[in-house]
Amino acid sequence: MIYVSTRGGVPAATYSEIVLGGLARDGGLYVPKEYPQVSKDTLWTWRSLSYAHLAMAVMSLFADDLGRSVIAKLCQETYTEKTFGHGRKGTDFAKITPLHPLDSELSILELSNGPTLAFKDIAMQYLGALFENLLSKRDEHLNILAATSGDTGSSAEYAMRGREGIKVFMLSPYGRMSDFQKAQMYSLMDPNIFNIAIEGDFDDCQDLVKEINSDLKFKKQYSIGAVNSINWARIAAQVVYYFSGWLQAVEDKDEEVTFSVPTGNFGDVLAGWIAKQMGLPIKRLIVATNENDVLYEFFRSGRYRIRDSAHTYKTSSPSMDISKASNFERYIYDITGHDSQRVNELWDELRTKKEFLLNATEWQKVKESGFVAAKSTHAERLKRIREVWDKYQFLVDPHTADGINAALKQRIPGIKTICLETALPAKFAGTIKEACGFYPPIPEGYENLLRLPQRVEVMGIDQDTVKSYIAENS
């Protein structure tokens, strides 16, 4: 399996060569030269696999240079009841990502039973084990620099805390996360974890990460790596739960399903797109956005128009308060027929004009790709949380509510729709109280989280300040 950059400016590389580095040196994102294919017959034989074995089967297709035995060991160590035993009581931990039917055609894929109660644990726990394995073999160290809008930060820090050869420098938007999300991150006192609150929004944090990564001398000197979804290994790990959801939902190998995905940085739904390209029978991918509706606008018009901080709204589904979707470039690369020159043209236009418009041929490919979109308001979010609780006695967080709202707007009658869960409701207690009149239950072991002491550095939007902090603490 060979990987190339969406910008076409670096040599091809293997999986183990790209996973520690994040962005390619030309500023692009690594993608497989060709997606591996899985036949329907092979898919059907995977029905009896545990989640760990399914993960090994899927991820070994992307990492043939590591060897199946290495990947199998990492998956067996990662996908255990001990690690993913933090969710709702009665969960079938053997599946790790159990499917919870609401009715005959609408289900929720539970992804939030990991240590930080968010879907990002599924990939991030594997990434922590993978990084430690590769670094120990090479006798190297890694400084992870990443940005979070809420859940990536805690998932990464819990996956990397205490691991040999790894330090984490996590940028988060000051004052724009829930109290629970902040407490999960800022209460960690491990010496290899460094939290930095940036006085801006998530896009400002993300821009700083990209700017620092583009300084190739600094990146090399301080061994800067990434765990955001710009890292291909994380995307590949997320592909697995689409296979898991489909295998649990269907009755025969030809049955198509629709996935509804709460979407901010486009990584989660991109994994579904990749699964579809690999041969998984997916009818539709519904992009669910909140009031920050850049992607909603794109999938209705072919126009991708990013917003500045002043026009990136603070909402009740804060992990989706994003107006520049990093992983979107990988999708556009596919839509252009893997034309890196065209990708460079579009991103140059985006850089100068803050928007681009696809041509007629490209727009037609988007319309044929199976993507649709829907957006939610705060009122709709509250309504869906309340409806799902009243009707099914199942409590969802505000991001998952956005996914359900989009599903109800865009699903096709007769086609099963699976909504991907984002996090447990405990992380957004205020919104749940507003919707249902009561606070969500706090999982065992998290009762005192908000009372723990916190440690965080507050900084302005300045890459030199962040660089100096990394240099001092590397």
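In this predicted model, helix 6 (151-160), helix 10 (232-249) and helix 11 (267-278) each contribute at least two residues to the lining of the largest cavity. That cavity is one of four in the structure with a volume of 30 Å³ or more, and about 240 Å³ of space lies within it.

**The largest cavity**

- The lining of the largest cavity is made up of 22 residues, and those closest to the centre of the cavity are Phe-119, Lys-120, Gly-264, Asn-265 and Ser-319.
- Sorted by class, the lining of the largest cavity comprises eleven polar, seven nonpolar and four charged residues.

**The largest pocket**

- The largest pocket has a volume of about 630 Å³, and of the 23 residues that line it, Arg-7, Asp-207, Lys-210, Trp-347 and Arg-351 lie nearest its centre.
- Helix 8 (202-214) and helix 14 (340-353) each provide at least two residues of the lining of this pocket, with the largest share, five residues, coming from helix 8.
- Charged residues number ten in the lining of the largest pocket, alongside nine nonpolar and four polar residues.

**The second largest pocket**

- The second largest pocket holds about 490 Å³ of space, and it is lined by 19 residues, of which Glu-17, Leu-20, Gly-21, Lys-219 and Ile-224 lie nearest its centre.
- Two or more residues of the lining of the second largest pocket come from each of helix 1 (15-18), helix 5 and helix 9 (216-221), and the largest share, three residues, is given by helix 9.
- By class, the lining of the second largest pocket divides into ten nonpolar, six charged and three polar residues.

**Packing of helix 4 and helix 5**

- The axes of helix 4 (residues 68-78) and helix 5 (residues 120-138) come within 9 Å and cross at roughly 135 degrees, and the two helices are therefore oblique to each other.
- The crossing of helix 4 and helix 5 is right-handed, and the contact is made on the helix 4 side by Val-70, Ile-71, Leu-74, Cys-75 and Thr-78, and on the helix 5 side by Gln-125, Tyr-126, Ala-129, Leu-130, Asn-133 and Lys-137.
- Taken by class, the residues in the contact of helix 4 with helix 5 are seven nonpolar, three polar and one charged.

Key: Residues are numbered from 1 along each chain as its sequence is written. This is a predicted model: local features need pLDDT of at least 70, side-chain atom pairs count only at pLDDT 80 or more; totals for chains, interfaces and linings use all residues. Side-chain values use heavy atoms; hydrogens and water are left out. Axes are lines fitted to C-alpha atoms, for helices over the stretch in contact, and angles run from 0 to 180 degrees between N-to-C directions. Helices (H or I, at least four residues) and strands (E, at least two) are DSSP runs, numbered from the N terminus. Angles under 35 degrees count as roughly parallel, over 145 as roughly antiparallel, 65 to 115 as roughly perpendicular and the rest as oblique. A crossing is left-handed if the near helix is turned anticlockwise from the far one by less than a right angle, and right-handed if clockwise. Contact means heavy atoms within 4.5 Å. Ala, Val, Leu, Ile, Met, Phe, Trp, Tyr, Cys and Pro count as nonpolar, Asp, Glu, Lys and Arg as charged, and the others, Gly among them, as polar. On a 1 Å grid over the protein atoms alone, a cavity is a set of points where a 1.4 Å probe fits but cannot get out, and a pocket is an open set with protein on both sides within 12 Å along at least five of seven lines; lining residues have an atom within 4 Å of a point. Grid points are joined across faces, edges and corners, and a volume is the space filled by probe spheres set on the points.
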